[in-house]
Amino acid sequence: MSKETKHEHSESEEETIGPMPDMAAQPEKKKRKILVHEKLYLDNLPSAEFYEKSFMHRDLISHIVVAKSQFIITASVDGHVKFWKKMERGIEFVKHFRSHLGEITSVSVNYDGSLLATSGVDGVVKVFDVLNFDMIHMMDVSFRPLCVEWIHGPQDIFPVIAVSDSASPKIYVYDGKGNKEPLHQFERLHTKPVKLIKYNVKFDVVVSIDHAGIIEYWSGAKHDFSFPKCVKFESKLDTDLYDFVRYKTYPTGLAFSPDGSKFATISPDRKTGDPTGNGTGGESIWGGEFEDEFKPHLKHDRPYTISDDEDETHPNIDTPSLFRWRHQARVERMEEQRREKEEIENTKKKNSQKIAEVRQQIEQAKKDDSSISELEARLEMLLSEGEKLKKKEDELKQKEKVTPWNVDTISNPGFTKTVINKPGARKVEQLSEEEREKRMQIFIKENEKLLKEFGMLRKYDDSQRFLQEHPHLVCEDTANYLVIWCITLEMEDKQMLSQHVAHQCICMQYILELSKQLEVDPRSCVGTFFSKIQVAEPEYKKSFEDELSAFKERVKKRAKEKLEAALREDEEEEKKARLGPGGLDPVEVFESLPTTVRTHINALATRVRLSRGRRAFMPTQCRAGCPASETASHIIQHCILSHGGRVRRHDTIVNMLEIALQKKGYRVTKEQMFVGNRRRWKPDLVCSGLSGHFIIDAQVVGDNPSTTHWNNILQECFEKQDIPMLQEAIAKMPQEEAAYHMKRCIDSGLWLPDGGKKEAAETSETELVEGEEK
C-alpha cells in the first residue's frame, strides 16, 4: 500500500471519529416561525416618521376596565390613569391623570359607568367622574387598600364603595362621595386579606374572595349588608365554592353573566376548572391534559353522598352497606380508644394524688421521729405505677399518631360562633326634663363659642369640615341651641342674621333625622348629608327650602309671642312697683281724672308717655300720621287733628276782641311776653286805655266751666305742692268731688299729706338697722 493510500485511509478514519471542536460549538439553527397573514401586517405598518396615534403608557399596564358609558380606562404600575373614548372607528385619548404616587392596586367602575374608583399603595382611594373625566373626591384611609368595588345600584341613595385591607381580613364600606368615616365594617367575614370583590347589580349581591380561596356572599346597603335571601342554598357545603380551597388557590378574576345568575372565574392554578363539563379531563390552555379525578363507578348521584378514604369497591359489591359496616367498626374502635384514654388519665390523676399524700405523711413522720420504711416502700410502688401509666399514655399517643385520617377524624369543631354584622339599635337616653336641661346648660357652657362659629358659617363645605373637626357638636343640644339663638336674634330685630342661623339649624336637624332613618350614629351622617344636599334632586332641595321657610315663620311667631309676654310681664312688674299706699295705681288714677286735669298735669296717655322704658319695642310716632312724636304739647299745639280747628277758633276770638277794643279807643298789644321770677306769661291781648290796663287770654274748652276751673286750681296745687293752697281749693270744691279725687291721689301716692316724712323715717330706720347688722 502506497503512502498516499495510507494517508487517505487515515483521513477517512479521522473523519469517522466525530466533528471538530469548532464545529461542535456551533449552535443549531432555530426554525423560523411562520406568522399567519404576515404580509397583511407588514402592509399596514405605519410608514410616516411620526406616529399619528399612540395607545401607550410609560410603564406596564396593570388594569383595564370598560365602562357602560363607552369609556375605556387603563392604569399602569407607575400610578398613571388614562381615559379613552370608544368611537365609531377605534378609540380616542381623552385625559391623563397621575392618580397615585405608587403602584395602583385596584380599579373599579360602577354599574352605569359614571363613577371610577382607584386605590394605590399610597393609602389613598380616589373617585373620578367618568362622563366629565375629572377627579371629584379623595379619601386618605388609615390602611393600605388591596381591592375596591362599587356596591350600589340604581335604587340606592348613596354611591357606596367597598375597600379591603391588604394587611388584615377587614372590609370597609364608605360613602363614595362622603368622608373617610366607614358606613359599615366587616371584621370577621374572612380570615385572610380579601383579594377580590365583585358586585352583582341584578340581585344586589356582593361576592368577596380572600387569599385562602374562601368565597363569601353578602348584600348591599339596602339589606344592611346581611347574607342575601335570593340565593338558593343555605350552606356552602351544598355548592362547589370550596373548590379553590381544595386546590389551595384563589381566583384572580371574576365576571358575572348578563342575567346575573352565573359567574366565571380565572385562577393561576391549572387544576382548577372543568373544561369538558363532565369531570373527565380535557385540554388546558396551559398545555397537556387534565388528570381524571373520578372513576366510572364512583358516583355522587344523590344528596349527602360522601367519598370514603378507604379502598375503592367493585361495582358488584353493595358499597353503601360496606361503608356502613366499616364506619360502624371504625366508630367502635374510636370509642374504645377514647375510653382507654380517659381511664389512663383518671388513673394517673389518682396516682398523683396518692403520691402527694404519701410524701406529706413522710414529712410528718420525720417530724414525729416515727418509722418511715413502710411509707417509703409505698411511695416507691406508687412511683413505679406512675411510670407504667406514663408508658401506656405514650403508647396510646403513638397509636393515635399513626392512625390514618378518615371522614370522622379529619376535622373536629373547635367552637361555633355566629356574628351578624348589623348595627345595633340606637340607644335612647331616658332622662328627665331637669337632667336634660342641666346637660344642655353644661354643653352650651363648654361649647358656646364653637356653636356660634358654626351658626355663622355660610358654605356647605365649610360646615361639613367644621363638624368633622368637632364631631361632638353633632347632637340634639346643638339644634336646640340654634333654635333658641334664632328666636333671640328675631326679638332683637336682627332678622337677616336670624335667617342665616335658621339655615344652619335646619341642616343640623336634617343630619339628626337622617341618622334616625339609617339607625346609625349622627356623626357618620355628616358627610352623607352635605354630599347629598349639594347634588340632590330638585324635589329634595324644594323640601329642604320649604322646611327652612316654615321654620323661619315659626321663629317669627314665637319671637312675637315672647315679646308680648315680656311686655305684659314688665307692665305687671312696673304696676306693682308704682302702687301707692292704698294699693291704687297712679296711672289708673291719672286716667280716671277729667281730660283737662290730665292735660294740665301732663298725664295724657300719649305714645311717648306709654313707651317710657320700652322705646325699643313700642312706636312713638303720632297716631294721626304726623312725622313728630306724640306728646301732650304736640297734641295741643301742633297735631293736624286737634290743633287746626282749636287754633282757628282761638285766633278768630282773639281777632274779634282786638277789633272791638281798638274801636273803643284801646291800645292793644297781641301776644306780648312777660318774664317773672319763677315763670313766664304770654297772654293773647294786653289792653291799655283811659279806664286802665288789663289782660285778655282767650280759651277754647270742651268741659263745663266749673270743672275746668277746679282742674286748673288742682294742677297749680300739684305743681307747687302747696298744702295751704290745696286746702283752700278743696274747701271751695264740692265736698263729694273733692273727697273722691283727694282720696284717690293719696292712695295712689300722687300726693303725700305728711310730705313723705313717714317714708323717710322708715327708710332711715331701715338703713340704721342694716348698718348695725354689718
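Where in the chain does Phe-133 lie? Phe-133 sits in the loop between strand 7 (124-129) and strand 8 (134-140), where helices (H or I, at least four residues) and strands (E, at least two) are DSSP runs numbered from the N terminus. The model is a predicted one, in which local features need pLDDT of at least 70 and side-chain atom pairs count only at pLDDT 80 or more, while totals for chains, interfaces and linings use all residues. Residues are numbered from 1 along each chain as its sequence is written, and side-chain values use heavy atoms, with hydrogens and water left out.

Phe-133 is not a glycine, yet it has a positive phi of about 35 degrees. Phe-133 counts as partly exposed because its relative accessibility is 29%; buried means under 20% relative accessible area, exposed over 50%, and partly exposed in between (1.4 Å probe, protein chains only). Asp-224 also has a positive phi, of about 60 degrees, although it is not a glycine. Asp-224 lies in the loop between strand 15 (215-219) and helix 4 (243-246), and at 36% relative accessibility it counts as partly exposed.

For the chain as a whole, there are 21 helices and 22 strands. Of its 774 residues, 33% are buried. Among the contacts in the chain with a separation of 6 or more, 44% come from residues 24 or more positions apart, a contact being heavy atoms within 4.5 Å.

Lys-86 belongs to strand 3 (residues 80-86) and, at 35% relative accessibility, counts as partly exposed. Lys-86 and Ser-69 are 17 residues apart along the chain, with their C-alpha atoms separated by 9.2 Å. Not counting residues up to four places away in sequence, Lys-86 touches Gln-70, Ile-72 and Ile-91. Glu-92 is placed in strand 4 (residues 91-98) and is partly exposed, with a relative accessible area of 44%. A separation of 9.6 Å lies between the C-alpha atoms of Glu-92 and Ile-72, which are 20 residues apart along the chain. With neighbours within four places in sequence left aside, Glu-92 is in contact with Phe-83, Trp-84, Lys-85 and Met-87.

Next come the nonpolar cores. A nonpolar core is a set of buried Ala, Val, Leu, Ile, Met, Phe, Trp, Tyr and Cys residues joined through side-chain atoms within 4.5 Å. In soluble globular proteins, nonpolar side chains tend to be buried together. The largest nonpolar core here has 53 residues, of which Ile-151, Ile-171, Ile-197, Trp-218, Leu-467 and Phe-529 touch the most other members. Helix 10 gives the most to this core, contributing ten residues. Another core, of 14 residues, lies apart from it and has Phe-97, Val-107, Leu-116 and Phe-128 among its members. As for Ile-151, its contacts beyond four places in sequence are Asp-156, Val-160, Ile-161, Ala-162, Val-173, Tyr-199, Val-206, Trp-218 and Phe-225.

Leu-467 leads on to helix 8 (residues 460-469), whose buried residues are Ser-463, Gln-464, Phe-466 and Leu-467. These residues lie on the same side of helix 8 because they cover an arc of only 165 degrees around the axis, the arc being that of the directions from the helix axis to the C-beta atoms. Their cover includes helix 7 (433-455), helix 10 (495-518) and helix 11 (526-534).

How do helix 8 and helix 11 run past each other, and at what angle do their axes cross? The two axes come within 10 Å and cross at roughly 175 degrees; axes are lines fitted to C-alpha atoms, for helices over the stretch in contact, and angles run from 0 to 180 degrees between N-to-C directions. Helix 8 is therefore roughly antiparallel to helix 11, since angles under 35 degrees count as roughly parallel, over 145 as roughly antiparallel, 65 to 115 as roughly perpendicular and the rest as oblique. On the helix 8 side, Tyr-460, Asp-461, Ser-463, Gln-464, Leu-467 and Gln-468 meet Val-526, Gly-527, Phe-530, Ile-533 and Gln-534 of helix 11. The residues of this contact divide into five nonpolar, five polar and one charged, with Ala, Val, Leu, Ile, Met, Phe, Trp, Tyr, Cys and Pro counted as nonpolar, Asp, Glu, Lys and Arg as charged, and the others, Gly among them, as polar.
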